[in-house]
Amino acid sequence: SSDLPPKNEEVRQASALLVAQKTALEILVNVCSSEDPSDDEWEELSSSDESDMSMENALSVDSGQLLSPLCLSAEVRSALINHLIPKKVVEKTSFPNRMAVDICVKDPSWKPLIWKMHTVQYRALTCLHSILSVLDVECLGGTSALQSLAQHLASILFSQTDYPKSDEFMEAITCAVRTLLQTMASQNISQCMSPEQLMSIRDVGIHCSNINVKINVIGIVGITGSMLAKEADSAEILKMIGAFLLDVATNDPSLVVAGEALDAIFDVFADGRESEKAASEIKLCQMLKNVQPVFRMKMRKESKGKYSKDQLCVLDNV
């Protein structure tokens, strides 16, 4: 196989093990996604009228189903749980062992394995996202297990590394964190992200050029803001969240990123005394009125064929 180094049997065996782990994680992602709606179900949506109608009017009114959770058969669900697959996947989401990396760095024949170890981590994070999307809280170990997982993922996301974090890593980790926070929020499970961490993830969104990472960051900030809006004395942090989301909605050149930011604003500032106070102080309503005509013009100009079904659903809702 081209994935395996040509010499040194120990290196070949280690490389084969990493390739097997990566492949197993990719298969798990496909298993968890295999019952996703087929492309045929969305044919009408993607081939609908391309006239000058605004995009929101051209979309199906039933597009809310795009966000419905995936379903697993009882047999697959039982297999995942009985074989402790979620626990094993979480273990693979950690950074590669420091000692193993040091050994690989010192020996040129082992050095290619460093990339393979990181790839296993990226696939594990993507696999964790898929598992979180299809298993309920009880199957995932309950409230305390999810809170522990949130701390684990936060330690990965906010860790300091000796090398720049790649876009592939950032996309995988932010996607996993976003899905976990969605799961916790749906069950009103308290979250553990501090204001400092929230500002750090906000900064990632500000400085990152990867659209998928930006969307995930907006989701993380929006979900956390929605939970904070229910707590007392949260107006100040909500003002920071609102200012960030407004800036993205106003200035980001990507229609889908701006749409995600607006969708998050509506969730964070939907109701509650603290959110009303924060919205008043940042003049949220007036700012949204200013954004509206620009956003509608973008929707009319851009082709909806370039966006995924979930993105079209968000734009339709906005």
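Helices here are DSSP runs of H or I with at least four residues, strands are runs of E with at least two, and both are numbered from the N terminus. The model is predicted, so local features need pLDDT of at least 70 and side-chain atom pairs count only at pLDDT 80 or more, while totals for chains, interfaces and linings use all residues. Residues are numbered from 1 along each chain as its sequence is written, and side-chain values use heavy atoms, with hydrogens and water left out.

**Stop 1: the whole chain**

Select everything. Of the 318 residues, 44% count as buried (buried means under 20% relative accessible area, exposed over 50%, and partly exposed in between, with a 1.4 Å probe and protein chains only). Now look at contacts (heavy atoms within 4.5 Å): among those between residues at least 6 apart in sequence, 74% join residues at least 24 apart.

**Stop 2: helix α11**

Select residues 211–228, which form α11. How far apart are the end C-alpha atoms of α11? They are 25 Å apart, which agrees with the 26 Å that its 18 residues should span at 1.5 Å a residue; the expected span is 1.5 Å times one less than the number of residues. Of these 18 residues, 15 are buried, so α11 is largely enclosed by the rest of the structure.

**Stop 3: some loop residues**

Select Leu84, in the loop between α4 (74–82) and α5 (85–92). Leu84 has a positive phi of about 55°, although it is not a glycine. Its relative accessible area is 48%, so Leu84 is partly exposed.

Move on to the loop between α9 and α10 (195–207), where you will find Asn188. Asn188 also has a positive phi, near 55°, and is a residue other than glycine. Is Asn188 buried or exposed? Asn188 is exposed, with a relative accessible area of 56%.

Gln187 lies in the loop between α9 and α10 too, and is partly exposed at 48%. Show Asp136 as well: Gln187 and Asp136 are 51 residues apart in sequence, and their C-alpha atoms are 10.0 Å apart in space.

**Stop 4**

Rolling a probe the size of a water molecule over the atoms shows where empty space is left. On a 1 Å grid over the protein atoms alone, a cavity is a set of points where a 1.4 Å probe fits but cannot get out; a pocket is an open set with protein on both sides within 12 Å along at least five of seven lines; and lining residues have an atom within 4 Å of a point.

The largest cavity has a volume of about 100 Å³, a volume being the space filled by probe spheres set on the points, which are joined across faces, edges and corners. Select its lining residues, including Leu153, Phe158, Val177 and Met193. Helix α8 gives the largest share of the lining, 4 residues.

**Stop 5: an open space**

Finish at the second largest pocket, with about 240 Å³ of space. Among its 13 lining residues, Phe266, Gln292, Phe295, Arg296 and Val318 lie nearest its centre. Which helix gives the most to this lining? That is α15, with 7 residues.
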